[in-house]
Amino acid sequence: MRQNPYKDRIVIVTGAGRGIGRYIAEAYAYQGAQVVLAEKDQDSGLEVERVINSQDQRGHLILTDVSNPQDITELFEQVQATFGAVHILINNAGISRFEAPYQLTVEAWDQIINTNLRSVFLCSRAAAQIMRLTGGGSIVNIASTRAFMSEENSEAYAASKGGVIALTHALAASFASDQIQVNSISPGWIETGDVANLRPVDHRQHWSGRVGTPKDIADACLFLTDPQNNFINGTNLIIDGGMTKKMIYAP
Ligand SMILES: NC(=O)c1ccc[n+]([C@@H]2O[C@H](COP(=O)([O-])OP(=O)(O)OC[C@H]3O[C@@H](n4cnc5c(N)ncnc54)[C@H](O)[C@@H]3O)[C@@H](O)[C@H]2O)c1
(Lines give C-alpha, C1' and ligand atoms only; values in the text may rest on other atoms or scores of the structure.)
Protein backbone atom coordinates (compact mmCIF):
# COMPACT_ATOMS: atom_id res chain seq x y z
CA MET A 1 0.00 0.00 0.00
CA ARG A 2 1.18 3.53 -0.77
CA GLN A 3 2.44 5.61 2.15
CA ASN A 4 0.52 8.72 3.17
CA PRO A 5 2.22 11.40 1.02
CA TYR A 6 1.57 14.20 3.55
CA LYS A 7 2.84 12.51 6.73
CA ASP A 8 5.66 14.49 8.35
CA ARG A 9 5.74 16.93 5.43
CA ILE A 10 6.38 20.57 6.29
CA VAL A 11 3.39 22.57 5.03
CA ILE A 12 3.01 26.36 5.22
CA VAL A 13 -0.48 27.86 4.93
CA THR A 14 -0.79 31.65 4.82
CA GLY A 15 -3.93 33.22 6.28
CA ALA A 16 -4.65 30.08 8.29
CA GLY A 17 -6.54 31.82 11.10
CA ARG A 18 -10.02 31.39 9.67
CA GLY A 19 -12.08 30.53 6.62
CA ILE A 20 -10.58 28.55 3.77
CA GLY A 21 -7.00 28.78 5.11
CA ARG A 22 -7.98 27.35 8.47
CA TYR A 23 -9.70 24.38 6.86
CA ILE A 24 -6.70 23.75 4.59
CA ALA A 25 -4.31 23.86 7.57
CA GLU A 26 -6.49 21.45 9.55
CA ALA A 27 -6.77 19.10 6.56
CA TYR A 28 -2.97 18.77 6.24
CA ALA A 29 -2.56 18.44 10.01
CA TYR A 30 -5.15 15.62 10.01
CA GLN A 31 -3.02 13.87 7.38
CA GLY A 32 0.00 13.96 9.71
CA ALA A 33 1.81 16.97 8.27
CA GLN A 34 3.59 19.58 10.38
CA VAL A 35 1.63 22.71 9.52
CA VAL A 36 3.01 26.23 9.85
CA LEU A 37 0.18 28.74 10.30
CA ALA A 38 1.42 32.00 8.76
CA GLU A 39 -1.29 34.32 10.03
CA LYS A 40 -1.28 37.99 10.97
CA ASP A 41 -4.10 37.84 13.52
CA GLN A 42 -2.70 36.52 16.79
CA ASP A 43 -5.97 35.50 18.45
CA SER A 44 -7.32 33.44 15.57
CA GLY A 45 -3.89 31.99 14.80
CA LEU A 46 -3.43 30.85 18.41
CA GLU A 47 -6.90 29.31 18.43
CA VAL A 48 -6.21 27.25 15.29
CA GLU A 49 -2.84 26.19 16.70
CA ARG A 50 -4.55 25.14 19.95
CA VAL A 51 -7.27 23.15 18.21
CA ILE A 52 -4.79 21.31 15.96
CA ASN A 53 -2.42 20.44 18.81
CA SER A 54 -5.28 19.36 21.10
CA GLN A 55 -6.01 16.60 18.58
CA ASP A 56 -2.47 15.21 18.76
CA GLN A 57 -1.66 16.85 15.47
CA ARG A 58 1.03 19.41 14.77
CA GLY A 59 0.40 23.10 14.11
CA HIS A 60 2.85 25.98 14.66
CA LEU A 61 1.76 29.60 14.53
CA ILE A 62 4.30 32.03 13.11
CA LEU A 63 2.77 35.50 13.25
CA THR A 64 3.18 36.90 9.74
CA ASP A 65 1.75 39.81 7.80
CA VAL A 66 2.33 38.66 4.22
CA SER A 67 1.96 42.22 2.91
CA ASN A 68 5.22 42.99 4.75
CA PRO A 69 8.33 41.63 2.94
CA GLN A 70 10.36 41.61 6.17
CA ASP A 71 7.76 39.37 7.83
CA ILE A 72 8.05 36.94 4.91
CA THR A 73 11.85 36.85 5.22
CA GLU A 74 11.55 36.14 8.94
CA LEU A 75 8.86 33.47 8.40
CA PHE A 76 11.08 31.44 6.10
CA GLU A 77 14.20 31.97 8.25
CA GLN A 78 12.27 30.59 11.20
CA VAL A 79 10.88 27.65 9.24
CA GLN A 80 14.34 26.83 7.88
CA ALA A 81 15.87 27.00 11.36
CA THR A 82 13.10 24.95 13.03
CA PHE A 83 12.27 22.32 10.41
CA GLY A 84 15.10 22.49 7.86
CA ALA A 85 12.65 21.96 5.00
CA VAL A 86 9.48 23.13 3.25
CA HIS A 87 7.59 20.63 1.12
CA ILE A 88 4.27 22.37 0.46
CA LEU A 89 3.25 26.05 0.40
CA ILE A 90 -0.37 27.17 0.17
CA ASN A 91 -0.57 30.90 -0.61
CA ASN A 92 -4.07 31.51 0.72
CA ALA A 93 -4.01 34.88 2.57
CA GLY A 94 -6.07 37.47 0.77
CA ILE A 95 -8.22 40.53 1.31
CA SER A 96 -10.99 42.03 -0.79
CA ARG A 97 -12.34 45.53 -0.94
CA PHE A 98 -15.08 46.77 -3.19
CA GLU A 99 -14.95 50.45 -3.98
CA ALA A 100 -15.75 52.53 -7.06
CA PRO A 101 -12.65 53.00 -9.25
CA TYR A 102 -13.21 56.77 -9.05
CA GLN A 103 -12.68 56.65 -5.28
CA LEU A 104 -10.12 53.87 -4.86
CA THR A 105 -6.96 55.37 -3.40
CA VAL A 106 -3.43 54.41 -4.40
CA GLU A 107 -2.90 53.23 -0.82
CA ALA A 108 -5.90 50.89 -0.99
CA TRP A 109 -4.81 49.59 -4.40
CA ASP A 110 -1.29 48.90 -3.07
CA GLN A 111 -2.62 47.19 0.04
CA ILE A 112 -4.67 44.73 -1.98
CA ILE A 113 -1.98 44.06 -4.58
CA ASN A 114 0.73 43.66 -1.94
CA THR A 115 -1.38 41.31 0.18
CA ASN A 116 -2.89 39.19 -2.59
CA LEU A 117 -0.21 39.23 -5.30
CA ARG A 118 3.21 40.45 -4.20
CA SER A 119 3.08 38.11 -1.18
CA VAL A 120 2.52 35.14 -3.49
CA PHE A 121 5.70 35.97 -5.38
CA LEU A 122 7.79 36.61 -2.25
CA CYS A 123 6.53 33.55 -0.34
CA SER A 124 6.91 31.28 -3.38
CA ARG A 125 10.46 32.44 -4.05
CA ALA A 126 11.46 32.04 -0.41
CA ALA A 127 9.84 28.58 -0.24
CA ALA A 128 11.46 27.45 -3.49
CA GLN A 129 14.89 28.44 -2.20
CA ILE A 130 14.41 25.87 0.59
CA MET A 131 12.48 23.28 -1.46
CA ARG A 132 15.21 23.05 -4.10
CA LEU A 133 17.72 21.92 -1.44
CA THR A 134 15.64 18.85 -0.58
CA GLY A 135 14.50 17.62 -3.99
CA GLY A 136 11.53 19.88 -4.77
CA GLY A 137 8.00 20.57 -3.59
CA SER A 138 4.58 21.87 -4.48
CA ILE A 139 2.99 25.32 -4.33
CA VAL A 140 -0.73 26.15 -4.60
CA ASN A 141 -1.89 29.74 -4.96
CA ILE A 142 -5.49 30.61 -4.11
CA ALA A 143 -6.81 32.90 -6.84
CA SER A 144 -10.53 33.52 -7.56
CA THR A 145 -13.09 33.25 -10.32
CA ARG A 146 -13.01 37.06 -10.19
CA ALA A 147 -9.84 36.72 -12.27
CA PHE A 148 -12.19 35.80 -15.15
CA MET A 149 -15.48 37.59 -14.50
CA SER A 150 -16.54 40.71 -12.63
CA GLU A 151 -19.06 42.71 -10.71
CA GLU A 152 -18.58 46.44 -10.53
CA ASN A 153 -16.08 48.10 -8.15
CA SER A 154 -13.73 45.13 -7.87
CA GLU A 155 -10.73 46.38 -9.89
CA ALA A 156 -7.92 45.88 -7.38
CA TYR A 157 -9.11 42.46 -6.23
CA ALA A 158 -9.73 41.25 -9.80
CA ALA A 159 -6.32 42.50 -10.93
CA SER A 160 -4.59 40.84 -7.98
CA LYS A 161 -6.22 37.48 -8.71
CA GLY A 162 -5.60 37.69 -12.46
CA GLY A 163 -2.00 38.41 -11.53
CA VAL A 164 -1.89 35.32 -9.31
CA ILE A 165 -2.90 33.12 -12.23
CA ALA A 166 -0.24 34.59 -14.56
CA LEU A 167 2.35 34.43 -11.78
CA THR A 168 1.48 30.75 -11.25
CA HIS A 169 2.50 29.63 -14.74
CA ALA A 170 5.54 31.92 -14.76
CA LEU A 171 6.79 30.40 -11.49
CA ALA A 172 6.01 26.89 -12.72
CA ALA A 173 8.35 27.58 -15.66
CA SER A 174 11.13 29.04 -13.52
CA PHE A 175 10.98 26.37 -10.80
CA ALA A 176 10.56 23.38 -13.14
CA SER A 177 14.24 22.45 -13.09
CA ASP A 178 14.08 22.37 -9.28
CA GLN A 179 11.18 19.82 -9.32
CA ILE A 180 8.72 22.31 -7.85
CA GLN A 181 5.16 22.30 -9.21
CA VAL A 182 3.13 25.51 -9.03
CA ASN A 183 -0.63 25.54 -9.57
CA SER A 184 -3.52 27.79 -8.63
CA ILE A 185 -7.10 27.22 -7.53
CA SER A 186 -9.86 29.67 -8.38
CA PRO A 187 -12.71 29.28 -5.93
CA GLY A 188 -16.16 30.62 -6.69
CA TRP A 189 -18.56 31.25 -3.83
CA ILE A 190 -17.15 29.46 -0.79
CA GLU A 191 -19.22 29.93 2.34
CA THR A 192 -16.91 30.34 5.32
CA GLY A 193 -19.71 31.31 7.71
CA ASP A 194 -22.83 29.40 8.67
CA VAL A 195 -24.20 27.55 5.62
CA ALA A 196 -27.59 27.42 7.39
CA ASN A 197 -27.97 31.16 6.75
CA LEU A 198 -27.91 30.71 2.98
CA ARG A 199 -31.13 30.87 0.94
CA PRO A 200 -32.30 28.03 -1.32
CA VAL A 201 -31.72 30.28 -4.34
CA ASP A 202 -28.07 30.68 -3.31
CA HIS A 203 -27.60 26.94 -3.68
CA ARG A 204 -29.91 26.45 -6.68
CA GLN A 205 -28.08 28.92 -8.91
CA HIS A 206 -25.04 26.65 -8.95
CA TRP A 207 -25.09 23.71 -11.39
CA SER A 208 -23.81 21.57 -8.51
CA GLY A 209 -26.92 22.54 -6.52
CA ARG A 210 -25.01 24.01 -3.61
CA VAL A 211 -22.70 26.81 -2.51
CA GLY A 212 -19.08 25.72 -2.00
CA THR A 213 -17.42 24.95 1.32
CA PRO A 214 -13.80 25.27 2.52
CA LYS A 215 -13.57 21.47 2.28
CA ASP A 216 -13.98 21.72 -1.51
CA ILE A 217 -10.82 23.86 -1.66
CA ALA A 218 -8.84 21.87 0.93
CA ASP A 219 -9.51 18.60 -0.91
CA ALA A 220 -8.21 20.18 -4.13
CA CYS A 221 -5.05 21.39 -2.35
CA LEU A 222 -4.39 17.86 -1.12
CA PHE A 223 -4.92 16.52 -4.65
CA LEU A 224 -2.64 19.07 -6.33
CA THR A 225 0.17 18.64 -3.80
CA ASP A 226 0.19 14.83 -3.91
CA PRO A 227 3.54 13.97 -5.59
CA GLN A 228 1.66 11.30 -7.55
CA ASN A 229 -0.17 14.14 -9.35
CA ASN A 230 2.94 16.09 -10.34
CA PHE A 231 2.02 15.99 -14.03
CA ILE A 232 -0.45 18.76 -13.13
CA ASN A 233 1.72 21.85 -13.35
CA GLY A 234 1.33 25.55 -14.11
CA THR A 235 -2.43 25.28 -14.36
CA ASN A 236 -5.49 26.78 -12.71
CA LEU A 237 -8.33 24.71 -11.28
CA ILE A 238 -11.72 26.45 -11.14
CA ILE A 239 -13.93 25.20 -8.29
CA ASP A 240 -17.23 27.05 -8.50
CA GLY A 241 -20.10 24.61 -8.98
CA GLY A 242 -20.15 25.55 -12.67
CA MET A 243 -20.85 29.27 -12.24
CA THR A 244 -18.15 30.57 -14.62
CA LYS A 245 -19.49 28.33 -17.40
CA LYS A 246 -23.11 29.33 -16.89
CA MET A 247 -24.58 31.45 -19.67
CA ILE A 248 -26.87 34.14 -18.28
CA TYR A 249 -29.29 36.38 -20.22
CA ALA A 250 -31.57 38.86 -18.55
CA PRO A 251 -35.10 37.35 -18.24
N1 LIG B 1 -14.57 32.76 0.36
C2 LIG B 1 -14.73 32.88 -0.94
O3 LIG B 1 -15.85 32.83 -1.46
C4 LIG B 1 -13.53 33.06 -1.84
C5 LIG B 1 -13.74 33.02 -3.21
C6 LIG B 1 -12.65 33.16 -4.06
C7 LIG B 1 -11.38 33.34 -3.54
N8 LIG B 1 -11.21 33.39 -2.20
C9 LIG B 1 -9.83 33.56 -1.70
O10 LIG B 1 -9.54 32.54 -0.76
C11 LIG B 1 -8.64 33.06 0.22
C12 LIG B 1 -9.24 32.87 1.61
O13 LIG B 1 -10.51 33.50 1.64
P14 LIG B 1 -11.47 33.45 2.93
O15 LIG B 1 -12.84 33.68 2.43
O16 LIG B 1 -11.17 32.24 3.75
O17 LIG B 1 -10.96 34.76 3.69
P18 LIG B 1 -11.13 35.21 5.22
O19 LIG B 1 -11.16 36.70 5.21
O20 LIG B 1 -12.24 34.46 5.89
O21 LIG B 1 -9.76 34.72 5.90
C22 LIG B 1 -8.54 35.25 5.47
C23 LIG B 1 -7.47 34.95 6.51
O24 LIG B 1 -6.25 35.54 6.03
C25 LIG B 1 -5.70 36.36 7.05
N26 LIG B 1 -4.97 37.48 6.44
C27 LIG B 1 -5.47 38.56 5.80
N28 LIG B 1 -4.47 39.38 5.44
C29 LIG B 1 -3.33 38.80 5.86
C30 LIG B 1 -1.97 39.17 5.80
N31 LIG B 1 -1.58 40.34 5.26
N32 LIG B 1 -1.03 38.33 6.31
C33 LIG B 1 -1.41 37.15 6.87
N34 LIG B 1 -2.68 36.76 6.99
C35 LIG B 1 -3.64 37.57 6.49
C36 LIG B 1 -6.90 36.86 7.85
O37 LIG B 1 -6.52 37.31 9.15
C38 LIG B 1 -7.76 35.60 7.87
O39 LIG B 1 -7.38 34.72 8.90
C40 LIG B 1 -8.38 34.51 -0.14
O41 LIG B 1 -7.21 34.62 -0.92
C42 LIG B 1 -9.59 34.87 -0.99
O43 LIG B 1 -9.34 35.92 -1.89
C44 LIG B 1 -12.25 33.25 -1.33
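Visitor: Which residue stands opposite Leu 89 in E5?
Guide: Ile 139 does. This is a predicted model, by the way.

Visitor: How many bridges join strand E4 to strand E5?
Guide: There are 4, and the two strands run parallel. E4 covers residues 88-91, and E5 covers residues 137-142.

Visitor: What holds strands together in general?
Guide: Strands of a sheet pair through backbone hydrogen bonds. The pairing can be parallel or antiparallel.

Visitor: OK, zoom out. What is the order of the strands in the open sheet?
Guide: It goes E3-E2-E1-E4-E5-E6-E7. That makes 7 strands, with parallel pairing.

Visitor: Which strands stand at the edges?
Guide: Strand E3 (58-63) and strand E7 (236-239). Each has a single partner strand, so one side of each lacks a neighbour in the sheet.

Visitor: How many degrees are neighbouring strands turned against each other?
Guide: On average 20°, with direction ignored.

Visitor: Tell me about E2. How many of its residues are buried?
Guide: 6 of the 6. So E2 is largely enclosed by the rest of the structure.

Visitor: Which way do the residues of E2 point?
Guide: Gln 34, Val 36 and Ala 38 point one way. Val 35, Leu 37 and Glu 39 point the other way. All of them are buried.

Visitor: And what about E1 and E2, how many bridges there?
Guide: They pair in the parallel sense over 5 bridges. Val 13 stands opposite Leu 37 in E2.

Visitor: What do E1, H1 and E2 make?
Guide: A right-handed β-α-β unit. From E2, the chain then crosses through helix H2 (residues 42-54) to E3. That β-α-β crossover is right-handed too.

Visitor: How many bridges do E2 and E3 pair over?
Guide: 6, again in the parallel sense. Val 36 stands opposite His 60 in E3.

Visitor: Now the helices. Which strands does H1 lie across?
Guide: E1, E2, E3, E4 and E5. H1 runs at about 170° to E1.

Visitor: And helix H5, which strands does that one lie across?
Guide: E5, strand E6 (180-187) and E7. H5 spans residues 155-175 and runs at about 165° to E6.

Visitor: New topic, the ligand. Which residues come nearest?
Guide: Gly 15, Gly 17, Gly 19, Ile 20 and Gly 94, out of the 27 residues around the ligand.

Visitor: Which helix gives the most to that shell?
Guide: Helix H1 (residues 19-30), with 3 residues.

Visitor: How do the shell residues divide into nonpolar, polar and charged?
Guide: 8 are nonpolar, 14 polar and 5 charged.

Technical notes
Residues numbered from 1 in each chain as written. Predicted model: local features only at pLDDT ≥ 70, side-chain atom pairs only at ≥ 80, totals over all residues. Near = placed C-beta within 6 Å. Nonpolar A, V, L, I, M, F, W, Y, C, P; charged D, E, K, R; others polar. Pairing = 2+ DSSP bridges. Axes fitted to C-alpha atoms, helices over the stretch in contact; angles between N-to-C directions. Contact = placed C-beta atoms within 7 Å. Buried ≥ 20, exposed ≤ 12 C-beta atoms within 10 Å, placed from the backbone. Right-handed = clockwise from strand over helix to strand, strands pointing away.
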